[in-house]
Amino acid sequence: MKSAAEQDELTMLDGGWARLKVPLPFSLRYVNAYLIPDAADGGYTLIDPGLRTSAAEEAWERAVDRLGITYDGIQRIVLTHMHPD
């Protein structure tokens, strides 16, 4: 059974966008990451994926499973700014 936090971590937005709250190991509890579908090539753009921690990896595993995509489908990764995550 998923915890309430796990259930709320992935939100579907307009246009097929998905927002994932990626957990962080410090006082800023999470970073918003976005997966944006690209109709031209069928892939996705990932914006601000967060830190590589076991909790973040678990959140990403749940997200790609729920979305029915694979990591190979992520064609681009965009980092919007410098921040501790």
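What share of the contacts in the chain between residues at least 6 apart in sequence join residues at least 24 apart? Taking contact to mean heavy atoms within 4.5 Å, the share is 50%.

**Figure 1. Overview of the predicted chain and its elements.** This is a predicted model, in which local features need pLDDT of at least 70 and side-chain atom pairs count only at pLDDT 80 or more, while totals for chains, interfaces and linings use all residues. Residues are numbered from 1 along each chain as its sequence is written, and side-chain values use heavy atoms, with hydrogens and water left out. The chain has two helices and five strands, where helices (H or I, at least four residues) and strands (E, at least two) are DSSP runs numbered from the N terminus. Read from that terminus, the elements follow the order α-β-β-β-β-α-β. Of the 85 residues in the chain, 31% are buried; buried means under 20% relative accessible area, exposed over 50%, and partly exposed in between (1.4 Å probe, protein chains only). The chain exposes about 5,600 Å², of which carbon and sulfur atoms supply 54%, with accessible areas coming from the Shrake-Rupley method with a 1.4 Å probe and, for residues, only the protein chains shown counting as cover.

**Figure 2. Close-up of the salt bridge between E9 and R62.** A salt bridge is a side-chain nitrogen of Lys or Arg within 4 Å of a carboxyl oxygen of Asp or Glu, and by this rule the count comes to four. In the pair shown here, the N to O distance is 2.7 Å. Because E9 lies in the loop between α1 (4–8) and β1 (10–12) and R62 lies in helix α2 (residues 54–67), the pair ties together parts that are 53 residues apart in sequence. E9 counts as buried at 8% relative accessibility, whereas R62 is partly exposed at 21%.

**Figure 3. Close-up of the salt bridge between D38 and R76.** The closest N and O atoms of D38 and R76 are 3.1 Å apart. D38 lies in the loop between β3 (30–37) and β4 (44–47) and R76 in strand β5 (residues 74–78), so this pair ties together parts that are 38 residues apart in sequence. Both residues are partly exposed, D38 with a relative accessible area of 24% and R76 with one of 31%.

**Figure 4. Close-up of the salt bridge between R52 and E57.** The closest N and O atoms of this pair are 2.7 Å apart. R52 is exposed, with a relative accessible area of 76%, whereas E57 is partly exposed at 37%. Elsewhere in the chain, salt bridges that share partners join D38, D41 and R76 into one network.
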